[in-house]
Amino acid sequence: MNTSMRLVGFVLWLLGAAAAPAQSLTRDQVAARIAAGSKDFSNLEAPGADLSELDFTEANLFGANLKGADLSNAKLARSNLSVAILRDAVLIGADLREAKMFSSVFANANLQGADLRGAQLVGNFERANLADANLERVKGGADMRNQPMGLVRLVLTGARLNGARLRGADLSRADLSFAYLSGADLTGVDLTQAKLVGADLRDSTLSHATFNGAEIHNAIFTGAKDVDTVRGLDDADGRETATFD
């Protein structure tokens, strides 16, 4: 399939998804629909709403506007949050295991302590707070076989990932420029062609991580553990400006 055909298919998919009318619901209305067994909250309009502790397990929240909403301790496992807007949202302790977040906006969101194991993260998480979050086996790599609208990748610029667990995560081609990864567990993480300019990896665990083709200009590795097991670090772009012990 050529690029133009992929582009047409992608646009038609977006138009079809946007065809459903936006729904503006209060917390009580959302809770009532959940209690009635509904899983369809596509295009939900609930900016700033208190949706904390609600159970959205396996729900369709495609295109939802949840800007500034409170989803603390909400259950969102296996939910579809693709193309959703959660800028400035609060998701402290939320369960997002295996959730789909493709082309979503979580900029400035607070996901401290959230559980994102096995989730798909390909969107905007710049300046998000993911401190102490569990991101093991996260699928954050850019798929170069399906980029009809240009590069869509995981953006974690300026994000707080201190103490986060990222074992086995795919962060290939992700942008982690100036991200704070102090004390994070990056065991087995794939950072192939990732951008880590100015990233702070002090006291992180890097056992068997992959840095092939990564950019590490001015990155800080002071106190990082198992650096000798890292693949591709010696040839990483900008290694001469990075700080090591």
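Predicted model: local features only at pLDDT ≥ 70, side-chain atom pairs only at ≥ 80, totals over all residues.

Q: How do strand 3 and strand 4 pair, parallel or antiparallel?
A: Parallel, over four bridges, with strand 3 covering residues 100-105.

Q: Which residue in strand 4 is the bridge partner of Lys100?
A: That's Gln120.

Q: Is strand 4 largely enclosed or open, and why?
A: Largely enclosed by the rest of the structure, because four of its five residues (the strand runs over 120-124) are buried.

Q: Switching topic: what share of the whole chain counts as buried?
A: 48% of the 245 residues.

Q: What about the accessible surface, how much is there?
A: About 10,800 Å² for the chain, and carbon and sulfur atoms hold 48% of that.

Q: And the contacts, what part comes from residues 24 or more positions apart?
A: 15%, taken over the chain's contacts with a separation of 6 or more.

Q: OK, now Ser207. Where does it sit?
A: In the segment after strand 4.

Q: Buried or exposed?
A: Ser207 counts as buried, since its relative accessibility is 13% and the cut-off for buried is under 20%.

Q: Which residues is Ser207 in contact with, leaving aside neighbours within four places in sequence?
A: There's Leu186, Thr187 and Gly188, plus Lys225, Asp226 and Thr229.

Notes:
Residues numbered from 1 in each chain as written. Heavy atoms only, no water. Buried < 20%, exposed > 50% of the residue type's maximum accessible area, 1.4 Å probe, protein only. Helix = DSSP H or I, 4+ residues; strand = E, 2+ residues; numbered from the N terminus. Pairing = 2+ DSSP bridges. Contact = heavy atoms within 4.5 Å. Areas by Shrake-Rupley, 256 points an atom, 1.4 Å probe, with all protein chains shown as cover.
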